[in-house]
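Subject: Structure handover

Hello,

Here is the structure we talked about. Please look through it, then read the notes below.

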Amino acid sequence: MSSEGQPFVRLADPVKDAAPLFDVCKKTVGPATRAGTPNLIAPYIWNVPYLRLCPEYCFSLDDGSGNAVGYVICAPNTPEFVKKWREEYLPILESLDPLLKKPEMDPPAGWGKDLTLGMLQLLYRPEDMLHDACPKLVEEYPAHLHIDILPDYQRKGFGKKLMEALWEKLRETGVSGVHLVMEGRNVDAEKFYMAVGYSRFDEVVDEGKSGERGKDANGNLWIVKRL
Ligand SMILES: CC(C)(COP(=O)(O)OP(=O)(O)OC[C@H]1O[C@@H](n2cnc3c(N)ncnc32)[C@H](O)[C@@H]1OP(=O)(O)O)[C@@H](O)C(=O)NCCC(=O)NCCS
């Protein structure tokens with residue numbers, strides 16, 4: 001940790017923090033996307049568009065000397081974000097990295113078979129964020145977020161501080177609720193969300209297969225909070 005000062009939460013700087021937060025995303029994604037080409041694509045799905053499209057809802061954890069070592073990034077209105085993603089983000093993707101060329105969209109690759117193709121298809125299909133099969137999620141909790149912190153800074157209370165900064169901003173804006181979708185096997189993250197005031201979405205959303213509230217057909221958990 002930095003000896004220059006204590007870590008603290010601040011608004012993200014979409015220019016200066018872009019590279020370090022890209023790196024935080026690469027280092028903290030789930031095991032399936034932690035290596036190879038999926039790891040190179042991951043930040044373009046779960047990090048870059050937020051800093052580019054709605055930086056005023058992105059907060060960095062500063063190590064005390066100006067370096068960003070964690071983030072919470074948020075789209076305050078998911079339908080508007082999807083529209084911006086399609087209209088403003090997709091057209092520039094290839095210029096950010098030639099790897100991000102639009103793939104064949106049919107048939108859908110799914111998550112298991114060809115992960116690289118599945119991720120590229122997801123990148124070009126932002127409408128998945130609307131969860132059309134269960135519109136209540138976005139209607140009741142219109143904002144959505146991602147949070148990640150480098151290992152050296154985890155379990156020190158900074159995740160909670162990042163959340164508090166975001167909730168304050170969302171409340172100021174009059175946003176009624178926030179959701180996130182997380183990998184079901186990330187047990188530690190679920191404990192964190194429950195500890196800081198989130199809960200599972202209160203419906204069975206996988207057509208009864210799991211029988212669990214807020215668990216979708218891919219085994220992902222839908223986590224929500226009213227503001
Ligand atoms: C999940 C994450 C954002 C949490 O942030 P954090 O700074 O580590 O969490 P905090 O220190 O603010 O924890 C607040 C409370 O949450 C609970 N909590 C956090 N991590 C926990 C864990 N691993 N196990 C059990 N409880 C946990 C505790 O009650 C904790 O309070 P306490 O430390 O006083 O007991 C962070 O650990 C992280 O980035 N992990 C790796 C990436 C990741 O999984 N991101 C989420 C993807 S969905």
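A question to begin with: does Pro-107 count as buried or exposed, going by its C-beta neighbours inside 10 Å? Pro-107 counts as exposed because it has 8 C-beta neighbours inside 10 Å, and the cut-off for exposed is 12 or fewer. Please keep in mind throughout that this is a predicted model.

Backbone points

Pro-107 sits in the loop that runs between helix H5 (93-96) and helix H6 (115-123). Most peptide bonds are trans, and most residues other than glycine have a negative phi. The C-alpha atoms of Pro-107 and Tyr-89 are separated by 23 Å, with the two residues 18 places apart along the chain.

Two residues have a positive phi although neither is a glycine: His-131, at about 45°, and Glu-207, at about 55°. His-131 belongs to the loop between H6 and helix H7 (136-140). Glu-207 is in the loop between strand S6 (199-200) and strand S7 (220-226). His-131 is partly exposed, since 19 other C-beta atoms lie within 10 Å. Glu-207 has 9 C-beta neighbours inside 10 Å and therefore counts as exposed.

The nonpolar core

In soluble globular proteins, nonpolar side chains tend to be buried together. In this model the largest nonpolar core has 51 residues. Those with the most contacts inside it are Cys-58, Tyr-71, Val-72, Cys-74, Leu-145, Leu-162 and Leu-166. Strand S3 (residues 68-75) gives the largest share of this core, seven residues.

Setting aside residues up to four places away in sequence, Leu-145 touches Val-72, Ile-73, Cys-74, Leu-166, Val-178 and Leu-180.

Helices

H1 and helix H2 (residues 36-46) pack at an angle of about 120°, and their axes are 9 Å apart. The crossing of H1 past H2 is right-handed. From H1, the residues making the contact are Phe-22, Cys-25 and Lys-26, and from H2 they are Asn-39, Ala-42, Pro-43 and Trp-46. By class, this contact of H1 with H2 has five nonpolar residues, one polar and one charged.

Lys-27 is also found in helix H1 (residues 18-28). Lys-27 is partly exposed, because 13 other C-beta atoms lie within 10 Å. Lys-27 and Lys-136 are 109 residues apart along the chain, and their C-alpha atoms are separated by 32 Å.

Phe-81 is found in helix H4 (residues 78-89). Phe-81 has 24 other C-beta atoms within 10 Å and is therefore buried; the cut-off for buried is 20 or more. Leaving aside neighbours within four places in sequence, Phe-81 is in contact with Leu-53, Cys-54 and Ala-75. The C-alpha atoms of Phe-81 and Met-129 are separated by 9.3 Å, although these residues are 48 places apart along the chain.

In H6, the residues Met-119, Leu-120, Gln-121 and Leu-123 are buried. The buried residues of H6 pack against H2 and H5.

The ligand

Which residues come nearest to the ligand? Of the 19 residues around it, those are Gln-154, Gly-159, Met-182, Asp-188 and Ala-195. The elements that give two or more residues to this shell are strand S4 (143-149), helix H8 (158-173) and helix H9 (187-195). H9 gives the largest share, five residues. By class, the shell around the ligand has eight nonpolar, five polar and six charged residues.

Regards

How values were computed: Residues are numbered from 1 along each chain as its sequence is written. This is a predicted model: local features need pLDDT of at least 70, side-chain atom pairs count only at pLDDT 80 or more; totals for chains, interfaces and linings use all residues. A residue is near a molecule or strand if its C-beta atom, placed from the backbone, lies within 6 Å of it. Helices (H or I, at least four residues) and strands (E, at least two) are DSSP runs, numbered from the N terminus. Ala, Val, Leu, Ile, Met, Phe, Trp, Tyr, Cys and Pro count as nonpolar, Asp, Glu, Lys and Arg as charged, and the others, Gly among them, as polar. A nonpolar core is a set of buried Ala, Val, Leu, Ile, Met, Phe, Trp, Tyr and Cys residues joined through C-beta atoms within 7 Å. Two residues are in contact if their C-beta atoms, placed from the backbone, lie within 7 Å. Axes are lines fitted to C-alpha atoms, for helices over the stretch in contact, and angles run from 0 to 180 degrees between N-to-C directions. A crossing is left-handed if the near helix is turned anticlockwise from the far one by less than a right angle, and right-handed if clockwise.
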